[in-house]
Amino acid sequence: MAESTRGLLDTSVVIDHDVIDTALLPDESAIAAVTLAELAAGPHATEDKDERARRQDRLQWATATWDALPFDAEAARLYGRVFAAMRAARQSSRSRLADLLIASTAAANSLALYTRNPSDFAPLKAIVKVVTV
């Protein structure tokens, strides 16, 4: 019998969740509170009323589906390592702050990070396992 998989879903996976093959997702999934923050901002980032409603629906669905993992003291400690790894790879950390906080949350909870954007996390392979969805 295969070992059960556990993972933290990046915001990109939550947004596209309904079109992703479930076989690619972990058996047990979680999301970060930072993902809820990104989803909460989403409806305000568009002028299109239909898109705004779709984004609001996605936020409500995510909130009802998962209890988000907090960005806590351990995640903050690991963010230092994440920041250093990104800087060493000469990649900007400021413009991708939410992504790096999510990666730090995954690392703090010993969870693989499931993402649609694996290249965004390539410099972090020594800190968090990144799984492409």
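**Exercise 1: A salt bridge between strands**

E28 is partly exposed at 45% relative accessibility, where buried denotes under 20% relative accessible area, exposed over 50%, and partly exposed the range in between (1.4 Å probe, protein chains only). The model is a predicted one, in which local features need pLDDT of at least 70 and side-chain atom pairs count only at pLDDT 80 or more, while totals for chains, interfaces and linings use all residues. Residues are numbered from 1 along each chain as its sequence is written, and side-chain values use heavy atoms, with hydrogens and water left out.

Solution. 
1. A salt bridge requires a side-chain nitrogen of Lys or Arg within 4 Å of a carboxyl oxygen of Asp or Glu. For R6 and E28, the closest N and O atoms are 4.0 Å apart.
2. Strands (E, at least two residues) and helices (H or I, at least four) are DSSP runs, numbered from the N terminus.
3. R6 is partly exposed, its relative accessible area being 46%.

**Exercise 2: A salt bridge between loops**

Task: locate R116 and its partner D16, and state their separation in sequence.

Solution. 
1. The side chains of R116 and D16 form a salt bridge with an N to O distance of 3.2 Å.
2. R116 is in the loop between β3 and β4 (130–132), and D16 in the loop between α1 and β2, so this pair ties together parts 100 residues apart in sequence.
3. Partly exposed applies to R116 at 33% and to D16 at 25%.

**Exercise 3: Positive phi**

Task: describe the backbone and exposure of R90.

Solution. 
1. Most residues other than glycine have a negative phi.
2. R90, although not a glycine, has a positive phi of about 60 degrees.
3. R90 is placed in the loop between α4 (73–88) and α5 (97–108), and is exposed at 78% relative accessibility.
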